Amino acid sequence: MTTTTADHIGSKVPEVTFLFWVIKIAATTLGETAGDAVSISMKLGYLVGTAIFAAIFLGAVTAQIKATRFHPSLYWTTIIATTTVGTTLADFADRSLGIGYAGGATLLSGLLMASLVIWHRSLGSVAIEAVNTPKAEMFYWVTIMFSQTLGTALGDWTAGSAGLGYRGGAIIFSALLGLVVAAYFRTKLSRTALFWAAFILTRPLGAVVGDFLDKPPSSGGLALSRYAASATILLFIIACILIFKQRAATKAH
C-alpha cells in the first residue's frame, strides 16, 4: 500500500491529554477577563475590542498555518486570541446589536454545526489528528472561532437570562463536562464527537468563571481586578507550556 506524505505529517495541534484541557479552560477564562479588560475596563467598547483581538487572531492564525510543525506557544497564543475575540464579538452581538443571548446562541450554534458539516464533507474527517494541511487548519480555526464565540453567549445566557448566576452556570457546565468524560470512559461513542462536545463546553465554563472573578459582588462576582486576574491566568498558562512537554497529535494507524 502506498503511503502519502501527509500520512507522515503530524497534526499541528497538541495531543489531547489532561494538560490540554487544563490549559484550554485557563485560556477560555483568560479570554473572558482579558476581553472585559479591554472593552470595559479600558472603556474601548465591544466593537473596538473585537477589532483589536481580531487583528491579533488573524496574525496568530496566519503564523500557525504557515508553521511547518506543531509549536505549543504558537498554538496556545492562537487559542487565546480566538477566545478573546470570541468574548468581545459575542458581547457586541448580544448587547450592542441587541440580538440577545438566546438569539446569539442560536445563530452561533447553527454556524458551528454548519462549519463542522462542511468540513467533514470536504475532507472526510473533523478529527484533530487530521489537521495537517492548510485547508484542514482553516476549517479547524473557523470552527474554533464559532465555538469560542458561542461559549461566551451560552455562558452569559445561563448566568444572566436563565438566572443561575456565575456559580450556578459553572456547576451546570462542569456537570455537562463530567457527562462527556463519563461517556469517554464508559461508552464507545465517537471520540471525535466527544472531543468537540468537551471543547465547546469548556468555553462557557471559562466564561462564567471569568465573570465570577471580575464582576462586582452585586452581580454575584468577586470584583477582582481584570488586569490582575488576566495576568495571573496568563502566567499560569505560560508555566504549563514551559514546564510540561506537549506532543503533536498523530494519526492512529
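**Aromatic cluster.** I began with the rings of this predicted model, and found that Phe-20, Trp-21, Phe-70, Tyr-75, Trp-76, Trp-119, Phe-139, Tyr-140, Trp-141, Phe-195, Trp-196 and Phe-199 form one aromatic cluster. When I looked up the aromatic pairs, the count came to 16. The rings of Tyr-140 and Trp-141 have centres 5.0 Å apart and planes at 80°, so I noted this pair as edge-to-face, since planes over 60 degrees apart fall in that class. Tyr-140 is buried, with a relative accessible area of 0%, and Trp-141 counts as buried at 2%. I then turned to Phe-195 and Trp-196, whose ring centres lie 5.1 Å apart with the planes at 75°, so this pair is edge-to-face too. Both Phe-195 and Trp-196 are buried.

**Charges over rings.** Next I looked for charged side chains above aromatic faces, and I saw that Lys-24 lies over the face of Phe-199, at 4.2 Å from the ring centre; Phe-199 is also one of the residues of the aromatic cluster. I noted as well that the charged end of Arg-191 sits over the ring of Tyr-184, 4.4 Å from its centre.

**Lys-12.** I looked up Lys-12 in the segment before α1. Is this lysine buried or exposed? With a relative accessible area of 5%, Lys-12 is buried, because the cut-off for that word is under 20%. What does its side chain reach? I found the backbone oxygen of Ala-67 at 2.6 Å from the side chain of Lys-12, and a polar contact of 2.7 Å that joins the side chains of Lys-12 and Glu-137. Leaving aside residues up to four places away in sequence, I listed the residues that Lys-12 touches, among them Gln-64, Ile-65, Arg-69 and Val-131. Phe-70 and Tyr-75 are also touched by Lys-12, and I had already written both of them down as part of the aromatic cluster.

**Ser-39.** I moved on to helix α1, where Ser-39 lies, and noted that this serine counts as buried at 6% relative accessibility. A polar atom of the Ser-39 side chain lies 2.8 Å from the backbone oxygen of Gly-35. Not counting residues up to four places away in sequence, Ser-39 touches Leu-44, Gly-45, Tyr-46 and Thr-88. I also checked Phe-92, which is 53 residues from Ser-39 in sequence, while the C-alpha atoms of the two are 9.7 Å apart in space.

**Helix α8.** I ended with α8, which runs over residues 226-243 and reaches 26 Å from its first C-alpha to its last, close to the 26 Å expected for its 18 residues. At the start of α8, a side-chain oxygen of Ser-225 reaches to within 3.3 Å of the backbone nitrogen of Tyr-227. Which residues of α8 are buried? I listed Arg-226, Ala-229, Ser-230, Ile-233, Ile-237, Cys-240 and Ile-241. They cover an arc of only 105° around the axis, which puts them on the same side of α8. I kept in mind that an α-helix has 3.6 residues a turn, so residues three or four places apart point the same way. On the other side of α8, I found Thr-232, Leu-235, Leu-242 and Ile-243 exposed. What covers the buried residues of α8? I noted that the cover includes α1, α3 and α7.

Notes:
Residues numbered from 1 in each chain as written. Predicted model: local features only at pLDDT ≥ 70, side-chain atom pairs only at ≥ 80, totals over all residues. Heavy atoms only, no water. Helix = DSSP H or I, 4+ residues; strand = E, 2+ residues; numbered from the N terminus. Expected span 1.5 Å × (residues − 1). Buried < 20%, exposed > 50% of the residue type's maximum accessible area, 1.4 Å probe, protein only. Arc of directions from axis to C-beta. Contact = heavy atoms within 4.5 Å. Polar contact = N/O pair within 3.5 Å; in protein donor to acceptor, adjacent residues only side chain to side chain. Phe/Tyr/Trp six-rings, centres within 6.5 Å; stacked < 30°, edge-to-face > 60°. Lys NZ or Arg CZ within 6 Å of the ring centre and 35° of its normal.
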